[in-house]
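Please open the model in your viewer and keep the selection panel at hand. The tour below goes from the whole chain to single residues.

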Amino acid sequence: MVTMNIHALKQDTICALATPPGTSAIAVIRISGPGSFPICNKVFKQGKNAFNCNIANTHTLNLGEIYENEIILDEVLVSVFKNPKSYTGEDAIEISCHGSPYIVQQILELLIKNGGRLADPGEFTLRAFMNGKFDLSQAEAVADLIASHSKSSHDLALNQMRGTFSNQIKELRKRLVNFASLIELELDFSEEDVEFADRTELKSLLSTLRKEISRLLESFSYGQVIKKGIPVAIVGKPNVGKSTLLNAILNEDRAIVSEIPGTTRDTVEDVISLKGLSFRFIDTAGLRASTDKIENIGIERTYEKIDQAKIILYVFDVNEMKCNEVETVLDEFKEHIQSLPNGLSKDKKFILIANKTDELIESPDDFRHLVEMDCIFISAKRKENINLILDVLSDYIEKESINDNAIVSNARHYEALSKSLEAVHNIEKGFIDNIPSDLIAIDIRQALHHLGEITGEITNDEILGNIFSKFCIGK
């Protein structure tokens with residue numbers, strides 16, 4: 001949690017390692033705040049000559065040495081950034097030194113001795129937000145960009161950092177502010193019974209707001225999928241080759257494979273990337289009636305993972321199960337998971353996988369019926385037709401691809417939008433019930449407040465502290 005006095009940020013100077021800790025070729029140490037240049041001037045020289053950041057050009061690299069008294073700590077490059085043309089909007093310095101943990105520690109201690117303070121998590125980005133370099137949702141996107149693990153999560157974070165989402169929120173809020181001011185003006189002239197706000201136009205705006213906010217809320221589940229990866233549960237009876245399939249998809253021995261039924265007693269997960277989107281595969285315990293307490297716990301977790309999954313690969317042994325048995329088991333399976341919290345949501349996709357084709361002596365009698373069920377025939381053991389499964393997943397990506405529309409991926413934004421939508425419903429209901437303008441004004445203020453929370457136009461130190469505490473120290 002960020003505990004500093006947020007309104008006193010500009011009064012001190014912070015420093016931190018901006019690159020990952022540990023031994024490396026180079027490391028970058030950041031300094032930001034009013035004391036950045038004076039501190040750098042004290043410790044950085046070019047040869048034996050003093051260096052003055054104040055007269056150096058902004059956005060320049062300067063080769064020299066870091067000195068502690070007369071002792072050289074390291075040969076470094078110093079980058080000078082003059083306000084407001086820096087990441088934080090303040091005077092800032094970046095020192096590129098050799099990546100020895102000892103050197104990094106010595107330089108940081110030297111900076112602190114000369115007036116710096118070790119930065120709190122996310123404090124550089126917090127200062128950028130406080131100095132108007134970007135709004136709050138854009139600041140949060142910086143953390144998402146750093147944490148991105150696929151092209152889609154990268155693109156989503158980059159779009160949000162560039163303002164695709166926040167610009168839409170600001171536009172919605174701006175339009176509502178115009179009407180809010182007219183409603184407030186009416187309250188000042190309440191005794192004269194006048195109307196400055198066109199009710200028909202306001203109702204049209206509310207309808208637009210409701211549709212846009214609803215669309216953003218509906219995008220949240222997909223935003224989470226992009227951010228965290230699409231969960232794919234591999235399910236089926238014991239000993240049908242689920243773990244072998246996982247290993248074949250990942251092309252490594254990730255899960256234990258055994259001919260003994262019930263070997264997998266807990267979920268095993270790993271991630272692959274297809275066309276820039278991550279798929280999180282989950283190998284689950286075999287579904288069967290069991291008296292083994294440990295195995296039953298694994299089966300319970302299987303259903304939990306099924307509930308969370310967006311795609312379900314139902315694997316069966318093509319040598320053991322007939323088409324009618326597959327249909328019966330699948331129907332029972334679907335009926336069972338309908339009682340789970342998320343149930344069979346409309347976007348949950350089932351893919352039938354007929355495994356162990358390498359053991360087939362001849363084509364099964366009901367081969368045609370299985371084909372009609374869009375069943376994929378594979379041999380996980382021989383890694384045959386695994387590409388067909390990946391092709392289906394690739395098709396899924398193309399159908400769910402990111403477009404230019406804003407997508408919500410942040411739980412805080414989702415909560416604020418939900419409250420905004422509730423306020424919009426209350427405003428619309430107020431007009432239907434013909435309630436007084438002062439009560440409608442309260443709901444309008446609520447809608448504006450919650451929309452403002454997203455971009456940071458409305459915020460407090462507690463919210464900021466919670467958001468930026470999740471950042472790394474040097475960001």
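What does the accessible surface of the chain come to, and what percentage of it belongs to carbon and sulfur atoms? In this predicted model, the accessible surface comes to about 23500 Å², and carbon and sulfur atoms hold 50% of that area.

**The whole chain**

Begin with everything selected and coloured by secondary structure, where the chain shows 16 helices and 14 strands. Of its 475 residues, 50% count as buried. If you then display the contacts with a separation of 6 or more, 67% of them are between residues 24 or more positions apart.

**Helix α7**

Next select residues 199–218, which make up helix α7. This helix has 20 residues and reaches 28 Å from its first C-alpha to its last, close to the 28 Å expected at 1.5 Å a residue. Showing its side chains lets you pick out the buried positions of α7, among them Leu202, Leu205, Leu206, Leu209, Leu216 and Leu217, with Arg199 and Ser207 also included.

**Arginine 117**

Now move to arginine 117 in strand β8, which covers residues 117–118. Is this residue buried or partly exposed? Arginine 117 counts as partly exposed because its relative accessible area is 25%, a value that falls between the 20% limit for buried and the 50% limit for exposed. Select isoleucine 14 as well: although 103 residues separate it from arginine 117 along the chain, their C-alpha atoms are 4.7 Å apart. Isoleucine 14 is one of the contacts of arginine 117 beyond its neighbours within four places in sequence, and the others are Asp12, Thr13, Cys15, Glu123 and Arg127. With glutamate 123, the side chain of arginine 117 makes a polar contact of 2.6 Å.

**Asparagine 52**

The next stop is asparagine 52, in the loop between β4 (49–50) and β5 (60–68). With a relative accessibility of 33%, asparagine 52 is therefore classed as partly exposed. A polar atom of its side chain lies 2.9 Å from the backbone nitrogen of asparagine 54.

Leucine 77 belongs to strand β6, residues 71–81, and is partly exposed, its relative accessible area being 33%.

Conventions: Residues numbered from 1 in each chain as written. Predicted model: local features only at pLDDT ≥ 70, side-chain atom pairs only at ≥ 80, totals over all residues. Heavy atoms only, no water. Helix = DSSP H or I, 4+ residues; strand = E, 2+ residues; numbered from the N terminus. Buried < 20%, exposed > 50% of the residue type's maximum accessible area, 1.4 Å probe, protein only. Polar contact = N/O pair within 3.5 Å; in protein donor to acceptor, adjacent residues only side chain to side chain. Expected span 1.5 Å × (residues − 1). Contact = heavy atoms within 4.5 Å. Areas by Shrake-Rupley, 256 points an atom, 1.4 Å probe, with all protein chains shown as cover.
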